[in-house]
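Student: Please take a close look at one part of this model, the charged side chains and what surrounds them. I would like a single connected account, with the cut-offs stated as you go.

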Amino acid sequence: MKKFLLLLAFAALTSIPASAGTQAAIRIKCGGSALTDSQGQVWAADYGFNGGHLSLTQDTIGGTMDPKLFQGGRWGDTPPLTYTFPVANGAYHVNLYFAESYPANQVVGARVFDVKMQGTTVFPKLDVYATAGANTALIKGADINVTAGVVTIEFDNIADHAKVAAIEITQGMTSPILTLNFTHPDGAPVLGTLTYKMSNSLINLGGVVPLVKGQATCMIVSSPSVLGLVGQFQVNLSLTDLAGLTLWQINTAMNPSSLNFGAVQSSALNVVIQN
């Protein structure tokens, strides 16, 4: 049972939402030129933005194997900084890359902003310094559904100016599917949001998945090392209802090298939440 829970937690955290369309991954270096990361992935020069200003820095960034991805970026003014990308309809996973390298904003509350995807706030009152500290990489991820052929990511200023260092948009293709079903004892689907977090001394990953009829569907990544996920991690999965109350939670430490993801087939987990 313990190993199953570890597999469940890591599978959910290294998943990409299932989708019917086909779309190449989008990776851009905000405010900068094209580069190739430590995994051999190519990041395009900045595009897709409606305005904003360049932040050009060469500060040392910790907590990542790819510090250049987190150096500088693009910051927003008025109107809010917005990125749009035409894509095939379907489900996507969006990773946003941040680092607070401006000394004047290395104070809790100095730079705070909301992040919207598809018009919905997915990261309210994000404070990168409060979350990760100074000159430290932070990755925030969320799953979205595209129905009108466009991914829209908006950064709304609250305190000072929102800033983003890089954007990654990926779509699952052929991986096995993991379906999480959350229901009440009477069979009614749970209404709420599944939040996932994974962190160690080098990487902070996390995101939110709104339940659709009590269900979250993902594609399992068979090789976590491709995502840079190696070594010991602290893992948290939690389900909250529409009022923000925690209904279900898993907290554990784990090492993905001890799990065989290549043997995992499409599967489902059914969780009954007591009223």
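Tutor: E100 counts as buried because its relative accessibility is 2%, where buried means under 20% relative accessible area, exposed over 50% and partly exposed in between, with a 1.4 Å probe and protein chains only. This is a predicted model, in which local features need pLDDT of at least 70 and side-chain atom pairs count only at pLDDT 80 or more, while totals for chains, interfaces and linings use all residues. Residues are numbered from 1 along each chain as its sequence is written, and side-chain values use heavy atoms, with hydrogens and water left out.

The partner of E100 is R111, with which it forms a salt bridge whose closest N and O atoms are 2.6 Å apart; the term stands for a side-chain nitrogen of Lys or Arg within 4 Å of a carboxyl oxygen of Asp or Glu. Both residues of this pair lie in the loop between β8 (90–98) and β9, 11 residues apart, where strands (E, at least two residues) and helices (H or I, at least four) are DSSP runs numbered from the N terminus. R111 also counts as buried, because its relative accessibility is 7%.

By this rule the count comes to 4 salt bridges, and one of them joins R27 to E168, with the closest N and O atoms 2.7 Å apart. That pair links distant parts of the chain, since R27 belongs to strand β2 (residues 26–29) and E168 to strand β14 (residues 166–170), 141 residues away. R27 and E168 are both buried.

K116 sits in β9 and D156 in strand β12 (residues 150–159), the two being 40 residues apart. D156 is buried, at a relative accessible area of 13%, whereas K116, at 25%, is partly exposed.

β9 (residues 112–117) runs antiparallel to strand β10 (residues 120–126), joined to it by 4 bridges; strands are taken to pair if DSSP finds at least two bridges between them. The two form a hairpin with 2 residues between them, and Q118 in the turn has a positive phi of about 55 degrees. V115 stands opposite F123 in β10, and F123 is among the residues that V115 touches, others including L96, L126, I153 and F155, leaving aside residues up to four places away in sequence; contact here means heavy atoms within 4.5 Å.

V115 is also one of the residues with the most contacts inside the largest nonpolar core, which has 31 residues, and L96, M117, I153, F155 and I167 share that standing. Such a core is a set of buried Ala, Val, Leu, Ile, Met, Phe, Trp, Tyr and Cys residues joined through side-chain atoms within 4.5 Å.

D66, in the loop between β5 and α2 (67–70), makes a contrast to the pairs above. D66 is buried yet has no salt bridge, and the nearest side chain of opposite charge, K68, is 9.3 Å away, with Lys and Arg counted as positive, Asp and Glu as negative, and His and the chain ends not counted. Leaving out residues up to four places away in sequence, D66 touches D37 and S38.
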